[in-house]
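These are my notebook entries from an afternoon of looking things up in one model. I kept each entry to what I could read off it.

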Amino acid sequence: VKELAHLFASSIQHKRIEDEILKLNIELEGKVLSRTEQYKNALDELQSEMEGRIEIEKRLRESNAAKDRFFSIIGHDLKNPMQVLLTSTELLRANFEKGNFDKIEKHILRLNESSYKLKELLENLLTWALSQSGRIEYEPEVIEIGKLLDKSFEICKELAEKKEIDM
């Protein structure tokens with residue numbers, strides 16, 4: 001009977017231990033599921049952030065490419081008036097040495113016109129730079145499109161004439 005009581009007590013003890021292990025196992029599984037969900041959420045957040053960064057990087061690359069094209073165009077546009085300035089000053093010096101004052105006047109006019117165009121290009125570049133940095137407030141105004149088109153046409157016509165293109 002003693003042995004039977006001992007076996008019975010041992011069996012009850014074994015059952016309690018099994019129940020405790022089962023309870024701990026259920027708790028552990030809950031914790032694992034909770035942690036797994038936390039890691040999944042963190043991974044989803046990282047994935048979303050990574051996609052956002054990839055999109056920002058793509059836009060940055062496009063922006064840099066546009067900036068590079070813009071500077072290439074500006075460089076080319078600044079080159080022509082600068083060349084006129086250099087050539088005119090060389091011709092001024094040569095004509096001054098020869099005493100050819102009629103040609104000097106012609107070159108002074110070319111210098112003045114080229115300097116004005118160079119100033120306009122630089123002002124446009126500075127205005128563009130300010131607009132890109134957000135330091136210019138939007139202030140719409142009415143403009144006379146005809147005058148703007150005439151001015152643009154004159155610039156194009158002048159460049160076309162230099163390249164011997166009929167407009």
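Entry 1, aromatic rings. I looked up the ring pairs and found that they link Phe70, Phe71 and Trp128 into a cluster; the rule I used pairs rings of Phe, Tyr and Trp (its six-membered ring) if their centres lie within 6.5 Å, and calls planes under 30 degrees apart stacked, over 60 edge-to-face and the rest tilted. The model is a predicted one, in which local features need pLDDT of at least 70 and side-chain atom pairs count only at pLDDT 80 or more, whereas totals for chains, interfaces and linings use all residues. Residues are numbered from 1 along each chain as its sequence is written, and side-chain values use heavy atoms, with hydrogens and water left out.

I noted four aromatic pairs in the structure. For Phe71 and Trp128 the ring centres are 6.5 Å apart and the planes stand at 85°, so I recorded this pair as edge-to-face. The pair links distant parts of the chain, since Phe71 sits in helix 1 and Trp128 in helix 2 (residues 101-132), 57 residues apart; helices here are DSSP runs of H or I with at least four residues, strands are runs of E with at least two, and both are numbered from the N terminus. Phe71 counts as partly exposed at 43% relative accessibility, and Trp128 counts as partly exposed at 28%, where buried means under 20% relative accessible area, exposed over 50% and partly exposed in between, with a 1.4 Å probe and protein chains only. Phe96 and Phe101 also have ring centres 6.5 Å apart and planes at 85°, so that pair is edge-to-face. Both Phe96 and Phe101 are exposed.

How many salt bridges does the structure hold? I found nine, taking a salt bridge as a side-chain nitrogen of Lys or Arg within 4 Å of a carboxyl oxygen of Asp or Glu, and I wrote out three of them.

The side chains of Asp19 and Lys15 meet in a salt bridge, at 3.4 Å from N to O. Asp19 and Lys15 are four residues apart in helix 1 (residues 2-98), which means that about one helical turn separates them. Asp19 is partly exposed at 39% relative accessibility, and Lys15 is partly exposed with a relative accessible area of 46%.

Arg53 forms a salt bridge with Glu49, and their closest N and O atoms are 2.8 Å apart. Arg53 and Glu49 both lie in helix 1, four residues apart, about one turn of the helix. Here I read Arg53 as exposed, with a relative accessible area of 53%, while Glu49 counts as partly exposed at 41%.

In the salt bridge of Glu57 with Arg61 the closest N and O atoms are 2.5 Å apart. Glu57 and Arg61 are again both in helix 1, four residues apart, about one turn of the helix. Glu57 is partly exposed, with a relative accessible area of 40%, and Arg61 is exposed at 56%.

I worked on a 1 Å grid over the protein atoms alone, where a cavity is a set of points at which a 1.4 Å probe fits but cannot get out, a pocket is an open set with protein on both sides within 12 Å along at least five of seven lines, and lining residues have an atom within 4 Å of a point. Of the 20 residues that line the largest pocket, Pro81, Lys117, Leu121, Ile155 and Glu158 are the closest to its centre. Helix 1, helix 2 and helix 3 (145-162) each supply at least two residues of this lining.

I counted three helices and zero strands, and read along the sequence the pattern is α-α-α. The C-alpha atoms fill a box of roughly 140 × 40 × 30 Å along the principal axes. Of the 167 residues of the chain, 10% count as buried.

Last, I looked up Glu55, which is found in helix 1 and counts as partly exposed at 35% relative accessibility. The C-alpha atoms of Glu55 and Glu120, 65 residues apart along the chain, are separated by 36 Å.
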